[in-house]
Amino acid sequence: MKQRYPIIDESLLKRLYFYHILLSFAYFAYILFNPSDSRNYYRKVSMGFRGDSWGDFYGTSTTFIEWVTYPFVNYLGFSYEGMMALFSFFGFLGFVYFYIFFKENIRFRHEFYGYDLLTLIFFLPNLHFWSTSLGKGSIIFMGLGLFFYGISNVKNRILALAIGALIIYHVRPHVMLVILVSSAMGFIFSSKGVSVAMRVMFLAGASIAFFFIYKDVLSMVGIDEEEFVTQGLDLTHRAKELTKASSGVDITQYSLPMQVFTFLYRPLFFDAPGALGIIVSFENVFYLLISLKLIGNLKGLKFLVTGNFLAKTAFLSFITISIALAQISGNLGLAMRQKSQVMILVLFVVLAFLDEEKLKAWKHQQLLKLRRSQANATNATT
């Protein structure tokens, strides 16, 4: 891999792999005493809940996880533990593709209280914890990693981009919908690093994909086309259903801004649901501090408008997915699980902003050096 991607740190990836395995064991220990959808996925596939053939399990959302699971359980004889290990590996692949995406687009080292910020991001425990299980979290994280790895070099990675998009669509169609819209907007309103031919090709593909999936998204959330046009994608009724089946602080009665803030940055110690919530609270404080580097000053807000298409696509995807998932999550328990799918996107935007600021400072220093050398040369000739 080092030969193909000379920018990567193989030793870091090895440490990341063993760290991911450690969190896999931690998650497995957690579900010994807590309910988990992974057991239901395995049980339904092993007992032929939807039919006798693999094709009977094909579909989007929950059924797609069962469809992926089916051949490993019924043809290869994977145990429940084996499926947990496989999906944990899917989650790790997501980290690998995101890592390459970050390294290819972040030039400088950035520190957070003396520690390398990029390394800290990839070792955040909540990102790993919820991407180690047989379920939606691990495989959609892999899909997102593939998608952004592909979109950073569309010409040479169209297959990775297509596979990532198909995975995201099959796991969460509404997430794929908003990513398509966000990506299209990122390409339309950016000129940095985007050729006209690439822009036309991507927008054409996104338009075709949008045409085929938007009806599936609306039917999934129970909205007809006229209601979608007049009211938008309101998912609060899904949140109420999920709240009934889950534990945690009910957030369905909050205003939309408060729902999004709660989804992204809570719990914060005072409302942490149990020991896991307290651990997550430390990570949420980190998210808050990092986010303030971007939105806490005018330069950061300006960057959201002037940044390149990758930064814009990542930010628009982050904010739109967050709005959608914040309405669906319903409570803090689900929010802790689902936000791990999108927080890495805003962390990329923050690093991209810091990178651009450092690049401007470096160019300024180089200009000063050039002027001084020219002045010295002039003085030497006179």
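How are α8 and α9 oriented relative to each other? In this predicted model, helix α8 (residues 158-171) and helix α9 (residues 173-188) pack at an angle of about 135°, with 5 Å between their axes, and the two helices are therefore oblique to each other.

**Helices α8 and α9**
- On the α8 side, the contact is made by Ala165, Ile168, Tyr169 and Val171, while α9 contributes Pro173, Val175, Met176 and Ile179.
- Sorted by class, this contact of α8 with α9 holds 8 nonpolar residues, with no polar and no charged ones.

**Helices α13 and α14**
- Helix α13 (residues 256-265) and helix α14 (residues 274-295) cross at roughly 115°, and their axes come within 9 Å.
- Phe261, Leu264 and Tyr265 of α13 meet Asn284, Tyr287, Leu288 and Ser291 of α14, and the residues of this contact divide into 5 nonpolar, 2 polar and no charged.
- Helix α14 has 22 residues and spans 30 Å from its first C-alpha to its last, which is close to the 32 Å expected at 1.5 Å a residue.
- Among the buried residues of α14 are Asn284, Tyr287 and Ser291, as well as Glu283 and Phe286.

**The largest nonpolar core**
- The largest nonpolar core has 102 residues, and those with the most contacts inside it are Phe98, Phe102, Phe122, Ile139, Phe147, Phe148 and Ile151.
- Helix α4 (residues 80-105) supplies the largest share of this core, namely 14 residues.
- Leaving aside residues up to four places away in sequence, Phe148 touches Phe98, Phe101, Thr313, Ala314, Ser317 and Leu345.

How values were computed
Residues numbered from 1 in each chain as written. Predicted model: local features only at pLDDT ≥ 70, side-chain atom pairs only at ≥ 80, totals over all residues. Heavy atoms only, no water. Axes fitted to C-alpha atoms, helices over the stretch in contact; angles between N-to-C directions. Helix = DSSP H or I, 4+ residues; strand = E, 2+ residues; numbered from the N terminus. Parallel < 35°, antiparallel > 145°, perpendicular 65-115°, else oblique. Contact = heavy atoms within 4.5 Å. Nonpolar A, V, L, I, M, F, W, Y, C, P; charged D, E, K, R; others polar. Expected span 1.5 Å × (residues − 1). Buried < 20%, exposed > 50% of the residue type's maximum accessible area, 1.4 Å probe, protein only. Core = buried A, V, L, I, M, F, W, Y, C linked by side-chain atoms within 4.5 Å.
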